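Hello,

Here is the structure I said I would pass on. My notes on it follow below.

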Amino acid sequence: MTKSLLSLAVTAFILGGCSLIPDYQTPEAPVAAQWPQGPAYSPTESANVAAAEQGWRQFFHDPALQQLIQASLENNRDLRVAALNIDAYRAQYRIQRADLFPAVSATGSGSRQRVPADLSQTGEANITSQYSATLGVSAYELDLFGRVRSLSQQALETYLSSEQARRSTQISLVASVANAYYTWQADQALLKLTEDTLKTYEESYNLTRRSNEVGVASALDLSQARTAVEGARVKHAQYQRLVAQDLNSLTVLVGTGVGNLPAPLKLDADQLAEVPAGLPSDVLQRRPDIQEAEHLLKAANANIGAARAAFFPSISLTANAGTLSPDMGGLFKGGSGTWLFQPQINLPIFNAGSLKASLDYSKIQKDINVARYEKTIQTAFQEVADGLAARKTFEEQLQAQRDLVAANQDYYRLAERRYRIGIDSNLTFLDAQRNLFSAQQSLISDRLSQLVSEVNLYKALGGGWYEQTQQQASVQAPRG
């Protein structure tokens, strides 16, 4: 009996390293080796510090925004769920990994039973007693063909993917808070601009009304001036609503009240640090959503090994040893020993194609994950390329818009002067007011779009994970 157990243990050890998981090979990235080139793009610069390594405190210069991002990392519920998902998948992996080892348990039991005389073999009532104490394993599967190991590997890759999912959630959160903050700042600037413009329109309306009373301005001029005032009031109410809604959205992202913030930077100030794009291969190595997709692909690949192993026999062992006695005091006396060895083999013979369908399903799931992995890479490439195109074109657009605002300011000053001395009609003055207001609104909107595009580019390059760069966090060595 001992020799049989030893032989079985040696065989299990030799076959335990067997794995039917297909050899994993990372799919080729279905994107170009370089970023797009053309008039819309700046020359590609070398990356001294990759975006993924540049801390968000160094990228965002506004102290108020830094405080909001820090609060969101501590209180945002989506990020909290992502962190808890890591703990959950870690626990599932530990559960699955435990199946690789036999579960040893100790049990003790006792029973006493009275048998009536008419049911007793002796014709007399009697009481029977039985006590036992055993130590052993129950239904331990010998992983001869790697089924359990494949499932454990699948659980491990799923757990690793959840860690990357949390990183991706944090990066998205940092970008979302920044974009919501800049939108809030832009709408506040638009509200202030509208308030100032409304005052100007009201002054112009009062001037036109007095001119109408003395017969200089016509009723049409007065009606046009009033139309401008009412239009500005509509915009004022609209931006009041947007500012309130922006603050509500920001509060949800932060996860707590916004509270007292440091003095913010002006919208047209130096808000962001510039991040070089580097090479597409760097982005593929650093973006957590791509790493998450690859871990899920490896999990699907491991699942194929488990599906293949299901075609082969499975062996499970149940064994225990202990003592058995009719008296409690005799449990540990000589001659009371007992043991049980119960191997069981299961050989699939006919299952109506269920195992083949399971294997086909596992292979299809792998193909699906390959497609998702490649799609994630293509999306990442597009996001970075769009951001690089936006970087140069927004700079040109903003400069042109600033020039347009300056031209409209000159036009407005000339029109106001000529209107007040009676050279031009009120129509020219109102046209100058509307053009200036529209150009100033567009300048604020374009600045917001530029900031949002820069934040999205930082996110697309994998930035937003570290609080500060390793270079800035390290202590410089003293000079000799």
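Is D143 buried or exposed? D143 is buried, because its relative accessible area is 12%, and buried means under 20%. Please keep in mind that this is a predicted model.

Salt bridges

D143 takes part in a salt bridge with R149, in which the closest N and O atoms are 3.9 Å apart. R149 itself counts as partly exposed, at 44% relative accessibility. The count of salt bridges comes to 13.

Another one pairs K192 with D196, with 2.9 Å between the closest N and O atoms. These two residues are four apart in helix α5, so about one helical turn separates them. Both ends are partly exposed: K192 has 45% relative accessibility, and D196 has 34%.

E383 and R287 also form a salt bridge, their closest N and O atoms being 2.9 Å apart. E383 lies in helix α9 and R287 in the loop between α7 (280-286) and α8 (288-309), so the pair ties together parts that are 96 residues apart in sequence. R287 counts as buried at 6% relative accessibility, whereas E383 is partly exposed at 35%.

The C-alpha atoms of A406 and R287 are 42 Å apart in space, and the two residues are 119 apart in sequence.

Helix packing

The axes of α4 (residues 77-98) and α5 (residues 147-213) come within 9 Å of each other and cross at roughly 170 degrees. The two helices are therefore roughly antiparallel. Their contact has twelve nonpolar, seven polar and five charged residues.

The loop between β4 and α9

L347, I349 and F350 make a nonpolar surface patch of about 430 Å². F350 is in the loop between β4 (337-346) and α9 (354-420), and is exposed, with a relative accessible area of 74%. The loop between β4 and α9 also holds A352, which is exposed at 66%.

Backbone angles

Most residues other than glycine have a negative phi. A352 has a positive phi of about 60 degrees, although it is not a glycine. A139 is another such case, with a positive phi of about 50 degrees. A139 lies in strand β2 (residues 126-142) and is exposed, with a relative accessible area of 51%.

Regards

Key: Residues are numbered from 1 along each chain as its sequence is written. This is a predicted model: local features need pLDDT of at least 70, side-chain atom pairs count only at pLDDT 80 or more; totals for chains, interfaces and linings use all residues. Side-chain values use heavy atoms; hydrogens and water are left out. Patches are made of residues with over 30% relative accessible area and no salt bridge: like charges are joined within 9 Å, nonpolar side chains (Val, Leu, Ile, Met, Phe, Trp, Tyr) within 5 Å. Accessible areas come from the Shrake-Rupley method with a 1.4 Å probe; for residues, only the protein chains shown count as cover. A salt bridge is a side-chain nitrogen of Lys or Arg within 4 Å of a carboxyl oxygen of Asp or Glu. Buried means under 20% relative accessible area, exposed over 50%, partly exposed in between (1.4 Å probe, protein chains only). Axes are lines fitted to C-alpha atoms, for helices over the stretch in contact, and angles run from 0 to 180 degrees between N-to-C directions. Angles under 35 degrees count as roughly parallel, over 145 as roughly antiparallel, 65 to 115 as roughly perpendicular and the rest as oblique. Ala, Val, Leu, Ile, Met, Phe, Trp, Tyr, Cys and Pro count as nonpolar, Asp, Glu, Lys and Arg as charged, and the others, Gly among them, as polar.
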